[in-house]
Amino acid sequence: MLGYLIGITLVLTVLSPLVFSDAFAETFLVSTDKQSYNTGDSLTISGQILDFGMPVIAMSIYDPDGKILSANNLEISSEKTFTKTIQLDSPFYEKTGEYQIKLDYGQISDNHYFTVGDYSAPEIPVRVNEEPEIFLLYTDQNQYADNDTIHITGLVSSLGSPTSLIGVYDPFGMPAGFYFGTINSDLEFSTSFLVKDGVNFRTEGTYSIKAHYGESEAISFF
């Protein structure tokens, strides 16, 4: 029987830290008298301990660069409350920005923040969904002759429509043919066709290629 009791006592001793940690999952009710201060102001921090375990709270204050400015103990009253007033004097609180108050109570840490000076938190940029566009279009050669094959390749910024419309125009701007390039997983498209003198290429000179994708257009020449 004695061995059984000792076994129960050891099990409770091993488990007690876990029970203690769970009991302090919601420990602090904390507030400061203001959210924003100026150098020379006084800051009052106060709060209440919901689950009393130790008579003091360790408090540390850090500047906007993460440098520690002070470390103090906050005494907890018999009513389970605490309060402390701090002078935000120069030179320690001259820097404009967001300061951190860190409270440690047993194994629990809680962070609170206040600002000094005319400070506003940086805005998180909102990413706007940009329309896909063509940013690369080229041919495999700069000059072609009858019965050559023209290979056209392009690249788009993101996937929208599954194909790009490609138009070929003669030196006078008249259409010589239209083709579709399918966008692959690498955001690349391509097409090819045969040069036939008197059929799709009746005039010598500089031809243009116009590729359309969404609202964008790219031009290349050969």
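Predicted model: local features only at pLDDT ≥ 70, side-chain atom pairs only at ≥ 80, totals over all residues.

Q: With which residue does the side chain of Asp41 meet in a salt bridge?

A: The general idea is that a side-chain nitrogen of Lys or Arg must lie within 4 Å of a carboxyl oxygen of Asp or Glu. Here the partner of Asp41 is Lys34, with an N to O distance of 3.7 Å. Lys34 is also partly exposed, at 38% relative accessibility.

Q: How many salt bridges does this rule give?

A: The count is two. Besides the pair of Asp41 and Lys34, there is a salt bridge between Lys95 and Asp65, at 2.3 Å from N to O.

Q: Which parts of the chain does the pair of Lys95 and Asp65 link?

A: The two residues are 30 residues apart and link distant parts of the chain. Lys95 belongs to the loop between strand 6 (81–87) and strand 7 (97–105), whereas Asp65 lies in the loop between strand 4 (56–62) and strand 5 (68–75).

Q: Are Lys95 and Asp65 buried, partly exposed or exposed?

A: Lys95 has a relative accessible area of 39% and is partly exposed. Asp65 reaches 58%, which places Asp65 in the exposed class because the cut-off is over 50%.

Q: Let us turn to the strands. In what order do the four strands of the open sheet stand?

A: In general, strands of a sheet pair through backbone hydrogen bonds, in either a parallel or an antiparallel manner. In this case the order is 12-11-14-15, and the pairing is antiparallel. Strand 12 (175–182) and strand 15 (216–221) are the edge strands; each has a single partner strand, so one side of each has no neighbour in the sheet. On average, neighbouring strands of this sheet are turned by 20 degrees against each other, direction ignored.

Q: Which residue takes a positive phi in the hairpin of strand 11 and strand 12?

A: The residue is Gly173, with phi near 85 degrees; this hairpin has five residues between the strands.

Terms used. Residues numbered from 1 in each chain as written. Heavy atoms only, no water. Pairing = 2+ DSSP bridges. Axes fitted to C-alpha atoms, helices over the stretch in contact; angles between N-to-C directions. Buried < 20%, exposed > 50% of the residue type's maximum accessible area, 1.4 Å probe, protein only.
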